[in-house]
Amino acid sequence: MSTTMDVRRSLPAVDTLLAHPAVAAARARHGHRLVRRAVRQTLDEAREQLTGDRKAGEIADGDVLAATALARLTELARPASRAVFNLTGTVIHTNLGRSTLAEAAIAAMTDAARHPTALEYDLEDGGRGDRDRLVEDLLCELTGAEAATVVNNNAGAVLLALGALGAGREALISRGELIEIGGAFRMPDIMQAAGCRLREVGATNRTHPQDFASAIGEHTGLIVKAHTSNYAITGFTKSVPESTLAEIAHAHGVPLLVDLGSGALADFTALGLPYEAQPNDAIAAGADVVTFSGDKLLGGPQAGIIVGRREAIATIKRHPLKRALRLDKLTLAALEATLRLYRDSDAPERDIPTLALLSRAEAEIVATGERLLPHAVDLLSDFKVTLAPCASQLGSGSLPVDRLPSRALTWRPRAEQRRQRERQLQRLEAALRRLPRPVIGRLNDGALLLDLRCLAGEAEIAAFLGQLEQLPRLYGAAPPGGQA
């Protein structure tokens with residue numbers, strides 16, 4: 001014990017290591033508190049590693065300890081929310097933050113963050129205003145609705161609309177539309193939380209107008225139609241169109257709520273993409289309320305958008321949950337800027353990144369791949385790297401069966417044994433995640449694919465190439481099993 005204590009005493013004091021020139025220089029950049037924390041953790045770890053069998057001469061010298069402290073400082077200073085390269089092939093990736101914002105939206109958020117804004121202040125009469133007014137006119141113009149309101153996400157929008165329009169009463173919905181979205185968040189659960197009594201109508205694969213007409217009665221609060229955005233039922237199927245549901249609902253004096261999930265304000269077919277339901281179509285069909293997301297196919301910030309008839313929206317806005325779910329000034333600024341692009345831009349598919357990536361020409365993706373391939377092909381001897389065709393997907397529950405032609409840098413292990421190939425792929429995946437700006441790909445059919453659809457623009461390509469040379473070092477240091 002005494003020998004161990006003697007060895008530990010040979011470690012420098014905290015203040016001594018803080019005075020090391022390299023550490024002292026870091027204090028000017030990061031501040032004394034964070035640097036001191038890194039130094040303390042470094043010395044604590046060094047003490048724990050010492051045993052009575054080690055001699056003082058075997059202890060790392062001041063330069064090594066300083067370098068270790070600086071490496072730890074880099075980790076401590078790194079934010080938890082970090083930019084990554086999304087090369088998964090899923091354009092709107094929930095786990096990677098869904099849509100990236102247009103430059104106009106980023107500028108609007110920055111301005112709102114830097115200054116006080118007229119968020120709930122009416123500049124005309126000097127009285128209190130309604131924050132929804134920042135986007136309501138734009139939403140009505142773009143969708144044909146009479147009124148609109150916004151909340152923090154689409155699940156919140158559905159919860160609020162159900163609670164305001166149908167609490168304590170039955171909500172009729174087709175069995176084929178009892179959807180579950182990410183995180184095991186299910187429509188039946190939302191209805192229960194909103195205080196509605198779920199009443200299933202029809203069969204899983206086929207529902208007819210008569211199913212709704214016979215189910216509606218004195219206890220019915222509303223009819224709900226949910227867009228099956230994250231799955232598809234094929235074969236012997238039938239569903240009731242929104243226009244027919246609206247006729248049935250209005251004949252019995254109850255509202256029709258249509259949840260579009262993703263929601264699109266652009267005509268996707270005009271962009272060469274598969275058709276996606278739009279809010280204006282549901283409004284034109286007679287829906288009283290339509291809900292959809294702001295950060296999916298719309299390409300804006302996270303938001304739940306509610307449009308529809310004036311009376312229904314007014315009822316929703318009076319519900320107590322509305323305040324709990326309301327948007328902050330930064331999100332409203334970004335949403336307003338995004339909506340203005342849809343209204344005013346000559347080419348929103350160019351100005352809104354999500355639309356640009358979804359409609360990106362295959363030839364452009366091929367050109368990107370041909371530029372990158374020579375830099376990757378000989379980078380790691382364990383892998384054969386090729387540029388191969390692949391299929392991207394929209395993501396976040398949008399058009400689940402449709403795929404977009406793309407190209408991927410495909411890393412296939414050269415090892416003969418299956419377990420060795422799996423270990424190499426795990427090491428590669430971990431090494432890519434440990435790059436300064438992590439690269440997120442996907443494993444498929446015994447290879448790691450870096451889908452290049454979302455690697456667009458000279459600055460992004462240059463940033464990707466600029467760190468690629470670090471991959472061999474990180475691959476060599478990556479522990480077995482792919483644990484970063």
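A salt bridge is a side-chain nitrogen of Lys or Arg within 4 Å of a carboxyl oxygen of Asp or Glu. I wrote that down before looking anything up.

**Ground rules.** The model is predicted, and I kept in mind that local features need pLDDT of at least 70, side-chain atom pairs count only at pLDDT 80 or more, and totals for chains, interfaces and linings use all residues. Residues are numbered from 1 along each chain as its sequence is written, and side-chain values use heavy atoms, with hydrogens and water left out.

**Entry one: salt bridges.** I asked myself how many salt bridges there are. The count comes to 26. Side chains of opposite charge can pair when their charged atoms come close.

I began with E45 and R72, whose side chains meet in a salt bridge at 3.1 Å, N to O. E45 lies in helix α4 and R72 in helix α5 (residues 62-77), so this pair ties together parts 27 residues apart in sequence. Helices here are DSSP runs of H or I with at least four residues, strands are runs of E with at least two, and both are numbered from the N terminus. E45 is partly exposed, with a relative accessible area of 35%, and R72 is partly exposed too, at 22%. (For these words, buried is under 20% relative accessible area, exposed is over 50%, and partly exposed is in between, using a 1.4 Å probe and protein chains only.)

Next I looked up R36, which forms a salt bridge with D15, the closest N and O atoms being 3.3 Å apart. R36 sits in helix α4 (residues 32-49) and D15 in helix α2 (residues 14-18), 21 residues apart. R36 is partly exposed at 24%, whereas D15 is exposed at 51%.

Then came R371 and E458, with a salt bridge of 2.8 Å, N to O. R371 belongs to helix α18 (residues 362-376) and E458 to helix α20 (residues 458-468), so parts 87 residues apart in sequence are tied together. I also noted a network of salt bridges linking E120, R128, R131 and R326.

Is T410 buried or exposed? T410 is buried, with a relative accessible area of 6%. I found T410 in strand β12 (residues 404-413). Beyond its neighbours within four places in sequence, its contacts (heavy atoms within 4.5 Å) include K384, V385 and L448.

I located P255 in the loop between α11 (242-251) and β8 (256-261). Leaving aside neighbours within four places in sequence, P255 is in contact with residues including L165, G221 and D288.
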